[in-house]
Amino acid sequence: MFKTGDIVKILIPNVVNSGYDYRLTADADLGTFVRVSVMRRPYIGVVYGVGDSNLPPEKIKDTIDVFPEHLSVADLQWIKKMSDWTLMTPGAVLRLIINVPDAFSPPRMEQLYTYNPDTKIRMTDARQSVADAFASNDNDAMSASDIQNIAHVSGAVVRGMISRGILVPTASRPRMTDFSNYEYTDKCNVTLNDEQTAAARELGNAIQRGGFSVYLLDGITGSGKTQVYFDAAWRAYSRGESVLLMMPEIALTAQFMSRYEKRFGAPPVVWHSNLTAARRREIWRGVLNGKIRMVVGTRSALFLPWQNLGLIVVDEEHDTSYKQEDMGNYHARDMAVLRAKIAGFPVVLASATPSAETLQNVSDGKYKILKLTSRFGGATLPTIETIDLREHRPEQYKLSNDADATPMAGYLSPILCDAMRETLAAGHQIMLFINRRGFAPIVQCRKCGWVAQCPDCSVGMTYHKQIGKLLCHICGRTMTVPQKCPDCGNDVSYRGAGLEKIQEEVAIKFPTARTALVSSDTIMSRQALERIVHKMESGEIDIVIGTQILAKGHHFPNLTLVGVVDADMGLFGTDFRAAEHTFQQLFQVAGRAGRGDAPGRVLLQTYQPTHPVLCAICDGNRDAFMAADMAARRAAKMPPYGQLVALVIESNKESVLKNFCDALAAAVPNAAGVKFMGPIAAQIYQIRNWYRMRFLVAGDARALLQPIVSHWLSCVRVPANVRIKIDVNPQNFM
């Protein structure tokens, strides 16, 4: 306990500090929230320890406010441990927690608007995005800036909707949510099978015992993992503890929300990026004061100011969405385990295709495993087969019946087309999977070879036929489609296939089938996905064509055929995790078939039918595949049998970047058992006009690379226009 007048260290949420000394204006504990000023700018910080600057007392500022709320000592320890592991500063970690700047200020007074659904004005895509933004925030009134940010529309769209009466001005103070509505009861309306019951009992015992433990809930697709961890969540919640259910992407939880409400009698409190500022403030403060004790959220929900956290569930724990690569690099799954270890409570990692790191921890005895080997409700696993495209080449098609029409290259083989006809004739649904957005990934001149490239990034631009533009998938820049090659004036061609092109082919070959596209371009909100899900469930869609957004979590009982248009995509990447990630993705996609009464079938189009990944998927032999993949990693000393730290060096001037990388290479320390590689140009050398180089530091599994990297960087002065991004055990090598 610190007394009024004591000099303490205050940690503030920015990337450059490890704490500054201040004089307390009221009594406080470790972790107490305070308001201070740094360079005349106000910050909310926390009491981090005893002051140690040794400055003269007259030079030490007073705190502006001392609040009654605080973080626990365990939270402060977690901040320190996370900082040590990720090489983020403690202030940068705190910024992830204090991510609602006005949390300790009264609600701001600003003009708000409500959505009027009764207007007869035509709903464009942009207007529908605004409607979805309101639906995702429980139809609360929103400011114009919130509407723009959440709906991803321009100010002109918002102003136009205001002038047409679609958005109606209302009171200036946001409506406050009564979180007493979020008290849950256990409806217990699902009967678990024997495997689920055994797993739920084991998790319940761990919660009852208390203390740190990690369980891998390893269940095949459709085995009912959700109901098992719902049972665990209720056990922790009923003990007065808080519960976090982490999801990789909140847009993937449309059906999850319905199951949650049926089980617990009320909808979940949902935390994600598309919330209004007022809603974020309410939830953040509700968690801080203990009024909210169960949240469904993406990785950032881990950093809410939890009180008495008693359980974390990480659903789809293998998913790469848990790896944060902006505002610091961390893996939310690993940081959740770290938080649980420090505070002493259980963690559940759920997946049908667990990551190599998690499987190794199970093998080492650090994690316990609970297996679910059969599909819930008696459904059977689908049969999975490959289609060898070397023998069964896709047929060409024409966009019109004109005999002179130019034939288009097809991407659906005769075997897949026959299976689609049989499925449609039986009244069942089809999913076609291709993990590539747009119409064509390459726009190229047929004569001189010119390729449409983003002027700000060193990548080609993708042609999106629906919007009629070229789009950079890195920075989001759009450009008009050239009618002729800008270099030689000849015709340009569209090479490769995205999901829009597959939809075009389907429309020609199956003209009566009702189709829908599902990708991040077409699904901008949970509400948009819910509309697709509803249409699938009601039978309004015959063929759904989508990217990886369709691969996880969805349950369509009438979907019996899954066709993977290009199963080879991702098999031969430079990333040592390429095989693992491809297996996980294709296995998850295959799991969408045959989840109802009718058996399912999965067809994988490939030029590599004997590839180990595809053979393992067809044989249903995940464990043998992962054992072989991990043996190769062990020989190469790659994670989880080695440690990696990537450094991405960026500058907006190539000469400055080169000189700094040369200086950094010259300062490489001599560390036994540690290998320094680089600098080399990053695979994507230019992003938003910043040039990029990479270093990679490698050591064995027991190597502690962080102090070595920290010392190395301290030996070189970093220019003002150079950015260094440190990524411990990177998932992305671009």
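I counted 19 helices and 31 strands in the secondary structure of the chain (DSSP runs numbered from the N terminus, helices being H or I of at least four residues and strands E of at least two). The radius of gyration is 27 Å, close to the 27 Å from the globule rule for 734 residues, so the chain is as compact as a globular protein of that length. The radius is taken over C-alpha atoms, and the rule is 2.2 Å times the number of residues to the power 0.38.

I noted that this is a predicted model, where local features need pLDDT of at least 70, side-chain atom pairs count only at pLDDT 80 or more, and totals for chains, interfaces and linings use all residues. Numbering runs from 1 along each chain as its sequence is written, and side-chain values use heavy atoms, with hydrogens and water left out.

I looked up burial next: 54% of the 734 residues are buried (under 20% relative accessible area, 1.4 Å probe, protein chains only).

I then turned to helix α15 (residues 578-590) and helix α17 (residues 622-636), whose axes come within 10 Å and cross at roughly 165°. Axes are lines fitted to C-alpha atoms over the stretch in contact, with angles from 0 to 180 degrees between N-to-C directions. The two helices are therefore roughly antiparallel (over 145 degrees).

I listed the contacts (heavy atoms within 4.5 Å): Ala579, Glu580 and Phe583 of α15 meet Arg622, Phe625, Met626, Asp629 and Arg633 of α17. By class, this contact has four nonpolar, no polar and four charged residues (Ala, Val, Leu, Ile, Met, Phe, Trp, Tyr, Cys and Pro are nonpolar, Asp, Glu, Lys and Arg charged, the others, Gly among them, polar).

Definitions and conventions: Angles under 35 degrees count as roughly parallel, over 145 as roughly antiparallel, 65 to 115 as roughly perpendicular and the rest as oblique. Buried means under 20% relative accessible area, exposed over 50%, partly exposed in between (1.4 Å probe, protein chains only).
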